[in-house]
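I opened the model to go through its helices, strands and ring contacts. My notes follow in the order I looked things up.

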Amino acid sequence: MMASPTLRAARAVALPLLCLAALAASTPSPAQAPAARADPLPSWNEGAPKKAILDFVKRVTTPGSPDFIPAEERIATFDNDGTLWPEQPIIQGAFVLWQLQKRVAKDPSLEKKPAVKAALDGDLESLTRAGEKAVMELFAITSANLTDEQFDQEVREFFQTAKHPKLGVPYTQLAYKPMVELLEYLRANGFRTYISSGGGIDFMRAVSQQMYGIPPEQVIGSSLKKEFKDQGGRSVLWRKPEPGAVNDKETKPVNIDLHIGRRPVLAAGNERSGGDIAMLEYSQGREGPSLQLLINHDDGQREFSYQEKDNASLNAARAHGWTVVSIQKDWKTVFP
């Protein structure tokens, strides 16, 4: 039986919850030539992916080139989890667990709720069996029934104190250095850089400027429904315990069009769940030159090594001629 739209939305928005156990740029003038640097990507090893990036940027930003793209059309979209920072564990999942622990410390009776106990124990099987009702109950306890400002304050508090369980450093220090260099290189050459991720839009916006130089208005993600209301004589946006926008797989191109109104000329994602295939296909489907990057997590020493069971993303990359970036082979360093 096909799941209802509400259930599918809840599952997509709830991705971080179900992974608990695994625990602005300015726009230069159109005539701007490529920024001159000895090596704009020093954390990248010499090889096909680095060459593809440098050649593409040179071609599309050089006035008179047959592939020249005006600055206003230079849009680049990036997935976040597994593309700009690690997704082992899903960092927003760690945040939700942190929130639950805080709520239970304040009100121990919450731990008697089966959904809360399963989440705290990392019991994915029980959460999956409980379905939509359990997921929405957890959202109501953690991320809903708050103002946007209250939620933002919690996110920032989390990032001030939380550390990665394996790497032992704050999550804010785990932006992939080669990808940060790529973002900076693109912006220096007239590109506008956006995040388009299945993660929570308000969660990512709290740190996108600090970590990637991407302002909050250039972040696209999943969200809960909100309502405008009066609270003690002050107008606020109130977070409701209902799934709103879901930004994953085939919905990513839809939301990119909704927020940006242009196809990206460069799109970057990663292999894990097939969640970025549609975004990369959407980028490649534009008229004129484009570049698609797929991060392959194949470095268990410096980061993590994992693959999709069906190999869908890597198969799509081979079929469409996308540039596959091996963390093991193509990055000199992974983290700052």
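Which residue just after H4 takes a positive phi? I found Gly122, with a phi of about 70°.

**Ground rules**

I am working on a predicted model, in which local features need pLDDT of at least 70, side-chain atom pairs count only at pLDDT 80 or more, and totals for chains, interfaces and linings use all residues. Residues are numbered from 1 along each chain as its sequence is written, and side-chain values use heavy atoms, with hydrogens and water left out.

**Overall count**

I listed 14 helices and eight strands for the protein. Helices (H or I, at least four residues) and strands (E, at least two) are DSSP runs, numbered from the N terminus. Next I checked burial. Of the 336 residues, 52% are buried. Buried means under 20% relative accessible area, exposed over 50%, and partly exposed in between (1.4 Å probe, protein chains only). The protein exposes about 14,900 Å², and carbon and sulfur atoms supply 52% of that area. Accessible areas come from the Shrake-Rupley method with a 1.4 Å probe, and for residues only the protein chains shown count as cover.

**Helix H4**

I went back to H4, residues 114-121. Its buried residues include Ala115, Val116, Ala118 and Ala119. They cover an arc of only 165° around the axis, which puts them on the same side of H4. The arc is that of the directions from the helix axis to the C-beta atoms. Pro114 and Asp121 are exposed on the other side of H4.

**Helix H7**

I tested the length of H7, residues 148-161. At 1.5 Å a residue, its 14 residues should span 20 Å, and the end C-alpha atoms are 21 Å apart, which agrees. The expected span is 1.5 Å times one less than the number of residues. Which residues of H7 are buried? I noted Asp148, Phe151, Glu154, Val155, Phe158 and Phe159. Down the axis of H7 these buried residues fall within an arc of 135°, so they line one face of the helix. Gln153, Gln160 and Thr161 are exposed on the other side of H7. An α-helix has 3.6 residues a turn, so residues three or four places apart point the same way.

**Aromatic rings**

I searched the whole structure and got 14 aromatic pairs. Rings of Phe, Tyr and Trp (its six-membered ring) pair if their centres lie within 6.5 Å; planes under 30 degrees apart count as stacked, over 60 as edge-to-face and the rest as tilted. Phe95 and Phe151 have ring centres 5.8 Å apart and planes at 85°, so the pair is edge-to-face. Phe95 sits in helix H3 (residues 91-106) and Phe151 in H7, 56 residues apart. Both Phe95 and Phe151 are buried. Phe95 also pairs with Phe203, this time tilted, at 5.1 Å centre to centre and 35° between the planes. Phe95 lies in H3 and Phe203 in helix H9 (residues 201-205), so this pair ties together parts that are 108 residues apart in sequence. Phe203 is buried, as is Phe95. I then traced the ring pairs onward: they link Trp85, Phe95, Trp98, Phe151, Phe158, Phe159, Tyr171 and Phe203 into a cluster.

**Strands**

I turned to E6, residues 266-270. Five of the five residues of E6 are buried, so it is largely enclosed by the rest of the structure. Leu266, Ala268 and Asn270 point one way from E6, and Ala267 and Gly269 the other way. Strand E1 (residues 75-78) runs parallel to E6, joined by three bridges. Two strands pair if DSSP finds at least two bridges between them. Ala76 stands opposite Leu266 in E6.

How many bridges pair E6 with E7? I count five, in the parallel sense. Ala267 has Gln292 of E7 as its bridge partner, and Gly269 has Leu294. Six of the six residues of E7 (residues 291-296) are buried, so it is largely enclosed too. Leu291, Leu293 and Ile295 lie on one side of E7, with Gln292, Leu294 and Asn296 on the other.

Last, I followed the crossovers. E6, helix H12 (residues 277-284) and E7 make a right-handed β-α-β unit. Right-handed means that, with the strands pointing away from the viewer, the path from the first strand over the helix to the second runs clockwise. E7 pairs with strand E8 (residues 323-326) in the parallel sense over four bridges. Asn296 has Ser326 of E8 as its bridge partner. The chain crosses from E7 through helix H13 (residues 312-320) to E8, and this β-α-β crossover is right-handed.
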